[in-house]
Amino acid sequence: MTCLDKKLRLLFVLPLVALSLGAFNADDKMLRKASEAITGSAYRAQVDGLASDELQGREPGSEGERKTIEYIEKEFLELGLQPAAGGGYRQDVTLVEITGSAQNLSFSRGAGGMSLGYGDDMVIGTRRVQPEASIADSEVVFVGYGIHAPEVGWDDYAGLDMRGKTALILVNDPGFVTGDESLFRGRAMTYHGRWTYKFEEASRQGAAAAVIVHETAPASYDWSVVRNSWSGPQFYLDREDGNAGRTTLEGWITEARARQLMELAGQDFDSLKAAAVKRGFKPVPLGVIASAGVRNEIRRKRSPNVAGLMPGKDRPDEYVIYMAHWDHLGMDAAGEGDRIYNGAVDNASGVAGILTIARAYRDMLPGASRSVLFLAVTAEESGLIGSEYYALHPLAPLEKTAAVINIDALNPLGRAKDLEVVGYGASDLEDLLGKAAKGQGRTLTPDHRPEAGYFYRSDQFNFAKAGVPALYVKSGTTLRDRPEGAGKALLEDYQAKRYHKPGDEYSESWDVSGTVEDLRLLFEVGARVANAKSWPAWRAGNEFAPAREASAKSRESDED
């Protein structure tokens, strides 16, 4: 039993708390009544506050962070949420900031060789918390897509000892290239296609270094995204082992330079790619050696997740979580004009969403059977770090967490006929969502770009890896009161002009009518789970199902 579980049991011996919560009856009429607390005016007020210049772009470790955390705590307190993190609302996340310099990477074969320029040709760094990291004369091996998945009969490292070697890896899955639904999930990316997995697997295989070949289509973004993401300080969890289990170096190279590397090796890039999508592929030593290194400046920081609890009446040691990341990019110290990255859509909208949904739970009397945890996590923009820390150090046991609902970027497009489900077809939470959407005269649609793997790029992923059924939706783009294509055009305009730019600001001109409908849907789904005795499950064959099955056995053991 966690400290939070013990605290909840103590809470329920208090008559005042029992009276304030009462019994729960989630019939349709009650849900509709409670959802009336989710209003456009309440939501607007929260976005306006969270995206204000006063919060300075909500960068972890900054003065803007302090003001943001105080804002969220104040709202939690006014909503009547219990502190859920050891007597307070804050769960400190320990971060290490690594700023690399003097990065170098070269390949050689006999008298021939090539050196790559940092930024233009390659990016490279280390997760190891040490002043410098380097490899010398490391044999380069082409390992295809770098996937070790015995459950589907796939092993790109078959028969290979990677110790001391450098893995050269393709991005995405074999199914992306072929469109063959029998290869992983065809064009839709699985976690094996994500670059994070490829570095993790190379580490498990004992590689000295791992280098991914960037290609725009399978990566779903151009080289500038890789270059910009790897420039400047990089945040990681500050682990006890200093990430000693990771490869010494990890990085990317451009497709053009990868082709030159294959020429140096006497190989054809396209031929090796074609071989890599076939079952039974074997890794190919290239006869080339790699040398590389980086020097590091290391700093340690703390940045909190913020957690507020609405205790359940009947089963307080079971949980539903609503989550959104509070952090954004801060301020551009070297810029001119507007230097504040306000992050109104990304993700003041999400934090405003969970705060507005909490109003509905506050007004829903009697209260929910299961406890409902509202979680604002840090350092999403640095690689889902706050949610990763929570999954490793949960305030509520993950095996007793029935579901997590993540809200990340609600675009103010207006009322829509549809609702996009990221990771469509994953769990039976979609059955509840579909019924709620039908009540609004709406339909669910799959990811618009399943090949981009967006499910693995937001915070619910860290819960999914641990087995917790997770729901992540995006605002619909088929608008009720606008011409066909208008919603998609508005979304593309945001992506091109305001996403991760100072222009992502709140405006009174926003049409939040559709956002209110989205939030009411998510409230209804969570409330029905919070009242149910059953446990949501992943669909049969889903990659996260085995973890949930294991946690279910643990839960059943605790109940015996």
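Fourteen residues surround the largest cavity, written as 14 in the count, and Ile98, Gly100, Ile124, Gly125 and Gln234 lie nearest its centre. The elements giving two or more residues to this lining are strand 2 (90–109), strand 4 (122–125), strand 10 (234–237) and strand 12 (284–310); strands (E, at least two residues) and helices (H or I, at least four) are DSSP runs numbered from the N terminus. Strand 2 gives the most, with 4 residues.

Before we go on, a word about what you are looking at. This is a predicted model, where local features need pLDDT of at least 70 and side-chain atom pairs count only at pLDDT 80 or more, while totals for chains, interfaces and linings use all residues. Residues are numbered from 1 along each chain as its sequence is written, and side-chain values use heavy atoms, leaving out hydrogens and water.

How is such a space found? Rolling a probe the size of a water molecule over the atoms shows where empty space is left. On a 1 Å grid over the protein atoms alone, a cavity is a set of points where a 1.4 Å probe fits but cannot get out, and a pocket is an open set with protein on both sides within 12 Å along at least five of seven lines; lining residues have an atom within 4 Å of a point.

The whole structure holds 2 cavities of 30 Å³ or more.

Among the residues lining it are Asn411, Arg442, Ser475 and Asp518, and helix 17 gives the largest share, 3 residues.

Now follow helix 17 (residues 513–531) to helix 14 (residues 429–439): their axes come within 9 Å and cross at roughly 130°. Axes are lines fitted to C-alpha atoms, for helices over the stretch in contact, and angles run from 0 to 180 degrees between N-to-C directions. The two helices are therefore oblique to each other (angles under 35 degrees count as roughly parallel, over 145 as roughly antiparallel, 65 to 115 as roughly perpendicular and the rest as oblique). Their contact (heavy atoms within 4.5 Å) includes Leu432 and Ala436 of helix 14 and Leu521 and Val525 of helix 17.

Methods
Points joined across faces, edges and corners; volume = space filled by probe spheres on them.
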